[in-house]
Protein chains: 2
Amino acid sequence: VADGTPRAKRVDALRNSGSLLDAAKTVFVASGVDAPAKQIADLAGVGVGTLYRHYPLRSDLVIAVLEHEVDDCIAAGPELSAAHDPLTALTEWLTRYTEFVGTKRGLAAALHSGDPAFDGLPLYLLGRLDPVLSALLEAAASAGSIRNGVSADDLLRAVAHLCVPGRGEGPEFSQRMVALLIDGLRFGTA
Amino acid sequence: VADGTPRAKRVDALRNSGSLLDAAKTVFVASGVDAPAKQIADLAGVGVGTLYRHYPLRSDLVIAVLEHEVDDCIAAGPELSAAHDPLTALTEWLTRYTEFVGTKRGLAAALHSGDPAFDGLPLYLLGRLDPVLSALLEAAASAGSIRNGVSADDLLRAVAHLCVPGRGEGPEFSQRMVALLIDGLRFGTA
């Protein structure tokens, strides 16, 4: 497909709009990362060929969905900080991040599938989120709402651990434990 | 081997003393649950035949080691309560339990190996530990040292999640996060 043709423009718009990624995300959460390509293409309202043209390998699509989600998490940091006091912004952000990790069960399984395409990706994503959470932690500590000295890296990892599917934990388990960690951050202040 | 013979008595004593299980635990932690039987027998100072006589299957031995460890955790509850104030007893117990779960990496892998001998075992072990931690939590809440309303089951599961080997977490990661959970329990009191 040559650049500049109407078709290429339409396809680029589609890609940029994220509608393919949104469709893929929805299908992955519902049916796992090995769901048929047609299911994703149908939901996005495109042909299977378009899907394969942009994401030749399934791992390409999984990685793009994860990146897209992480972009959203990163954007949420400054947005929440602008709209709320530092403690609320931190709490909301951690709640969203927990939700993000928790709904990525199929994606998480893919990350541990042994496919070398995914090697290093979890640490890369953690690294992208680290500055956002660090800024939220610093602002809340400066406001006296939480203690200093707990690293963003520890918290990002702790949430990821608490969101791994276990045996018989209810859907609210991760959020309850993350809330308890936040209370731990608050302990000893004020 | 007929009961009452000197040999049977010696073997029983060996079994009861836990030395076989201690040896198995040491070898499992160092080399994984698939370590050669001879390594375990040598460390316990017995023949391989004795090991197989008591634990015909490797899963028998893994389960016995886990039960033995959980017995120790259960015994530690009242001991710590008798020796310390309720908050210290709770903190010490959770620290020991975290250590117990953290050093059972090879055992944990066995539990997820798909061997049907291990089906249901994690929940059974959680169930045995639940009353011990519940008592510690109640005592600490009665003393006003922690809040009410966080279940032993949640905490036992949270520690187990935080002890699953991750990518690049240092050895102290689990204990730091468990300490933060304990601070969360303390938040809002006194």
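This is a predicted model: local features need pLDDT of at least 70, side-chain atom pairs count only at pLDDT 80 or more; totals for chains, interfaces and linings use all residues.
Start with chain A. It holds ten helices and zero strands. Read from the N terminus, its elements run α-α-α-α-α-α-α-α-α-α. Of its 190 residues, 43% count as buried. Now take the contacts in chain A between residues at least 6 apart in sequence. Of these, 67% join residues at least 24 apart.

Next come two helix pairs in chain A. On the H5(A) side, the contact is made by A:Ile63, A:Leu66, A:Glu67, A:Val70, A:Asp71, A:Cys73, A:Ile74, A:Gly77 and A:Ser81. On the H8(A) side, A:Leu121, A:Tyr124, A:Leu125, A:Arg128, A:Leu129, A:Val132 and A:Leu136 take part.

Stay on H8(A) for a moment. A:Gly127 also lies in this helix. Its relative accessibility is 43%, so A:Gly127 counts as partly exposed. How far is A:Gly127 from A:Ala41 in space? The two are 31 Å apart, C-alpha to C-alpha, and 86 residues apart in sequence.

The second pair is H9(A) with H10(A). These helices pack at an angle of about 155°, with their axes 9 Å apart. That angle makes H9(A) roughly antiparallel to H10(A), since the cut-off for that class is over 145 degrees. The crossing of H9(A) past H10(A) is right-handed. H9(A) brings A:Leu155, A:Ala158, A:Val159 and A:Leu162 to the contact. H10(A) brings A:Phe173, A:Ser174, A:Met177, A:Val178, A:Leu181 and A:Leu185.

H9(A) also holds A:Asp154. Is A:Asp154 buried or exposed? It is buried, because its relative accessible area is 7% and the cut-off is under 20%. Leave aside its neighbours within four places in sequence. A:Asp154 is then in contact with B:Phe173, B:Arg176 and B:Met177. These partners belong to chain B.

Turn now to the aromatic rings. Over all chains, a search of the whole structure finds four aromatic pairs. One is A:Trp93 with A:Tyr97: the ring centres are 5.5 Å apart and the planes lie at 10°, so the pair is stacked. Why are these two residues about one helical turn apart? Because they sit four residues apart in helix H6 (residues 86-102) of chain A. An α-helix has 3.6 residues a turn, so residues three or four places apart point the same way.

A:Trp93 counts as buried because its relative accessibility is 1%. A:Tyr97 counts as buried too, at 3%. A:Tyr97 has another ring partner, A:Phe100. Here the centres are 6.2 Å apart and the planes at 45°, so the pair is tilted. A:Tyr97 and A:Phe100 are three residues apart in H6(A), so about one helical turn separates them. Both are buried. Together, A:Trp93, A:Tyr97 and A:Phe100 form one aromatic cluster.

Last, look at chain B. Nine of the eleven residues of H9(B) are buried, so the rest of the structure largely encloses this helix. The buried residues are B:Ala152, B:Asp154, B:Leu155, B:Leu156, B:Arg157, B:Ala158, B:Val159, B:His161 and B:Leu162. What covers them? The cover includes H9 and H10 of chain A, along with H6, H8 and H10 of chain B.

H10(B) is also mostly covered, with ten of its 14 residues buried. Among them are B:Phe173, B:Met177, B:Leu181 and B:Leu185. Their cover includes helix H9 (152-162) and helix H10 (173-186) of chain A. From chain B itself, helix H6 (86-102), helix H8 (121-142) and helix H9 (152-162) are included as well.

At 1.5 Å a residue, its 14 residues (173-186) should span 20 Å. The end C-alpha atoms are 20 Å apart, which agrees. Just after H10(B), B:Gly188 takes a positive phi of about 90°.

Conventions. Residues are numbered from 1 along each chain as its sequence is written. Chains are lettered from A and ligands numbered from 1 in the order in which they are written. Side-chain values use heavy atoms; hydrogens and water are left out. The expected span of a helix is 1.5 Å times one less than its number of residues. Buried means under 20% relative accessible area, exposed over 50%, partly exposed in between (1.4 Å probe, protein chains only). Contact means heavy atoms within 4.5 Å. Rings of Phe, Tyr and Trp (its six-membered ring) pair if their centres lie within 6.5 Å; planes under 30 degrees apart count as stacked, over 60 as edge-to-face and the rest as tilted. Axes are lines fitted to C-alpha atoms, for helices over the stretch in contact, and angles run from 0 to 180 degrees between N-to-C directions. Angles under 35 degrees count as roughly parallel, over 145 as roughly antiparallel, 65 to 115 as roughly perpendicular and the rest as oblique. A crossing is left-handed if the near helix is turned anticlockwise from the far one by less than a right angle, and right-handed if clockwise.
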